[in-house]
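I wanted to look up how two protein chains meet, and these are my notes on what I found.

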Amino acid sequence: MSRKRPLSTAQPASTNGADSIFLGTPIADADQNTFAPVWKQEARDERGRKRFHGAFTGGFSAGYFNTVGSKDGWTPSTFKSSRTERAEKKALRPEDFMDEEDFAENRADERLVAAAPFSASTSSKVVEAGVQDILRGAPGVESVGYELLKKMGWKPGFGIGALRSQVVAGRKVMMPPRADETAMSGVRLTRKNNTHGLGYDSNVPSMRPSDETGGARGAWPAPGSISTRKNSGIGVGVVNEYDDGDEEDPYEIKPIAYDRVLGSKKQKALGGASKHTFVSKNKAKLFSASSNSAATSTMTTSKLKRCHDGRLPISGFVLVITGSLASSSILTNEKEYAPPSIPETYIPGILIMHDPKTLITPEFIADFEKSRKSTSSLRSSSVPHQERLSASERSRILGSAQDHLQGKSVFDYMTPVQRERLAKVTGNQQLPPAKSEVGPSSAQSERDSGERNEAALLELVPTLDKHQASTALSAGFMPYADDTEKRTRYIIYLESQSGTRPASDLLAFSKSGDSDTTPGKLKVEDWMRELKEFHKAAGLFRPLKGMLANRFTSSANASTTKTSVVEDDNTVLFHGADLKKGLPDREDVSAAKMEMYGPLTRRVSTWAPSSLLCKRFGVRVPNMSAVDVSGASADLKPSARERLELLSHHKLLNIAKDADVSEEVTKRLEVQNVNAGGGSKINAEVNEALEQTKAPRDLFLAVFGDSDGEDENV
Amino acid sequence: MPFPVYSRNAPLKEHVGPVHVVAYNTTGQYVLSGGQDRKIILWNPNSSKLVKSYIAHGYEVLDIAVSYDNSKFVSCGGDRTIYLWDVTSGSTTRRFSGHMSRVNTVDFNADASVIASGSYDAKVRLWDTKSSSQRPIQLLEEAKDSISTLQIVGSQIITGSVDGYVRVYDLRMGQLFEDLIGCPVTSIKDSTDGACVLVSTLDSTIRLMDKSNGTMLQSFKGHLNKEYRIRSCFGDNDVYVISGSEDGKVYAWDMLSRRVVHELKGHGEKVISCVAYHPKKPQMVSCGTDGSIQVWDCS
């Protein structure tokens, strides 16, 4: 029972009438806020000398002014000088030479054994202990369990369990079980001296340790497999040989066995099955409906209906062994689809169509079949009686143009000698005869086609509008100043286009053929390109108009162009900085020069001070609408603003009229308008609009009063 | 009143290098001077003794203006910054930067809430001393060339620029009056009555312009002013017009007759860049490129 402290020991509850009781002892204030400044945290020894010279990296060897050791220095405290005092000779024990490793080895051999009063018996055999044994604590001491049981009504000498009816002295009596038998089945009161886990049942085959030495090599060695060397201990090293002569080296690396399969034994035992999966009964039923009836038969064998531990699968599921035929199709969720239905008239094979007009009729097909069967190759199979088609025949059949070849073949142009050579090389003597013709690239043929070409060339010349061409001609500037020949050609082109020259003159510049070597003539392609260039240039180099012409002169004839720059009076082009140099043209500058200061030299404009500035100066922000414009040059700004003001004012008037406000108000607005636009001096400090007298009474009534039968504009 | 013509024997030589500006405070008790040596010196003209020196500028000091209550003053110079000083403590209260070139001229408004500064970059910036904003209240960009001089008079800001214009920005009216003088303006001084403006230009002429219509009322010649900024001022309640000169003499004209009444030698042939007249009594202070500051008295 927990003993509660009486209230009196706690602090009195007279804490300002509150019901708070202090329990426990408060933390001493001195411990709080232990964050001392850095200078307080410096380490100093009892003399006040600084410790930890340099960077302290841990360890305490630098405790004594960077020397090693202790207060006494290097000499240990247990040292006794043998000169003066003979230290007693210490008998050296083996423990003095052992280090941590050795100690660890010894510890490994240690065994935890119950002390004498607690050891159950000297022998290690299983003792069928009764209840007494378990419940007995240390001799002479009654264990707590003992006491608890007694409290619950148990008497020593009886067993533990429910009351059973027994016949005692002729009567049925409810008696507790005897001491050496317990009502609890399955609970063993024997000592456990193995390393089996909880729930270990040696009857279950899977739980038995596997025969292979370590399913994965390097797994936990079976208990007892490591020999507890009785010979180990002090004085025995690894080098020494064992008495048994059978060297069991636990570190020996056994050769790798490649024929091992995980779980293979089980597989063999169960008939080749490895993994077990559960498939719902419905699915299995579905599967059984399919054509693969072979698989289902295996499924129905009772051997596979059970799981490997002998238990039935969960109700609703059927066990399917992976790897079997059955599983592959069930598990992969495959649905089988029927192949597409082929129309009956389909004939597999390749048809060569030579004429699209030929209808594929059953007769045709029959013919085709016949021909196919008769001929071995498919190459020239469309026509029933076959001859090897030549290329020209084929092209004719196909309907391709033949103009360029005109039915000629290579052999027409070859000499007989060349033909022989070819025949020898290929081994084919069936070459067509060589005719040694001359090819169409000869000059003769060209001459024949010359006239034909001229007309064609002329057609290709880009045309210019007549008017355009003539204006281009009259332009003062001719391009291609550096190439006079080109220039002349350009001019001729322009002239031909404008009509002053016959077009055939253009052809004078194009080479009539490859053999034409006259200088100044161009190849046809170049000639064409040049003409196109001229066409474009004619569009660009038009004569300049008016003022622009004055600005530009060509270097050749500068004398003909005007040199002066014409300017309007209104355009003033120079920067204010030029004023220093004093350009004479400006009015005010000249006036200033003459010291005629006054309206000519003065410029007035509006300037808007910022509101903060006005505030600082203690000035009301000026009213910008009214500007007293005096002086010669009136800025556009004020007048424009004025106009805007007038406009808005006009709008205001209209609105006022529309709103059916009394006439007086409109009159007032008009008066104000006049005032604003009239140009009379405006006192900026007095704002009339704000300082108007109150509107007349009838205006008020009109706006705010009740409407007694007056027309109201809705 | 007589004109102060007598110079003291010992001119103040605290500055090293040319002195660009001298200014009286409102009572006339002290004079502030700034020069090429980046120092500003507060000294007593009566005793010719140095009272305090203010050292903060990175470049030469080009102009100084004193507030109405004499508690602070503002200075500007080549480091493109405007320094607002506290007189007694000698430290800079605020610094305004934003100009893109050297600041030629500064001035306070009536209650020292606004500082106007004109710079070589042709802009006038108006700074607010009351808020801690780093940006000017307003920017006046009408000038096409360096602002050489400016003055705030009441609710008007008068600027003179090298582009030859004198611009009067009237806050009350919301108008800008631009008067073309024709020659680069080096100095502007408003008259006591506020009706006219004294304009020094680089053609060795000082003109008195009427603010209302831009006409010239008077012109003063005789001195030499072709290259440097020479400042001119009024003296003795606008009776005299006083100016320095590039020939080392202080010139004084009678305003009405435009005659040269005095030519005072004091700075040994060196350019006299600035003159200031005592607000109350006949005393004058001039400074020059020789580094000396001369006090002129009547006796």
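I took a polar contact to be a pair of N or O atoms within 3.5 Å, where within protein one must be able to donate a hydrogen and the other to accept it, and where residues adjacent in sequence count only if both atoms are side-chain atoms. By that rule I find 14 residue pairs in polar contact across the interface of chain B and chain A, both residues at pLDDT 80 or more.

I note that this is a predicted model, in which local features need pLDDT of at least 70, side-chain atom pairs count only at pLDDT 80 or more, and totals for chains, interfaces and linings use all residues. Residues are numbered from 1 along each chain as its sequence is written, chains are lettered from A in the order in which they are written, and side-chain values use heavy atoms, with hydrogens and water left out.

I looked up salt bridges next (a side-chain nitrogen of Lys or Arg within 4 Å of a carboxyl oxygen of Asp or Glu), and the rule finds four across this interface. Glu178(B) forms a salt bridge with Arg603(A), with the closest N and O atoms 3.3 Å apart.

For contact (heavy atoms within 4.5 Å), I record 46 residues from chain B and 33 residues from chain A. The buried area, meaning the accessible area (1.4 Å probe) that two parts lose on being put together, summed over both, is about 3200 Å², with carbon and sulfur atoms giving 55%. Leu171(B), Arg172(B) and Leu180(B) supply 20% of the area that chain B buries against chain A, more than any other three residues.
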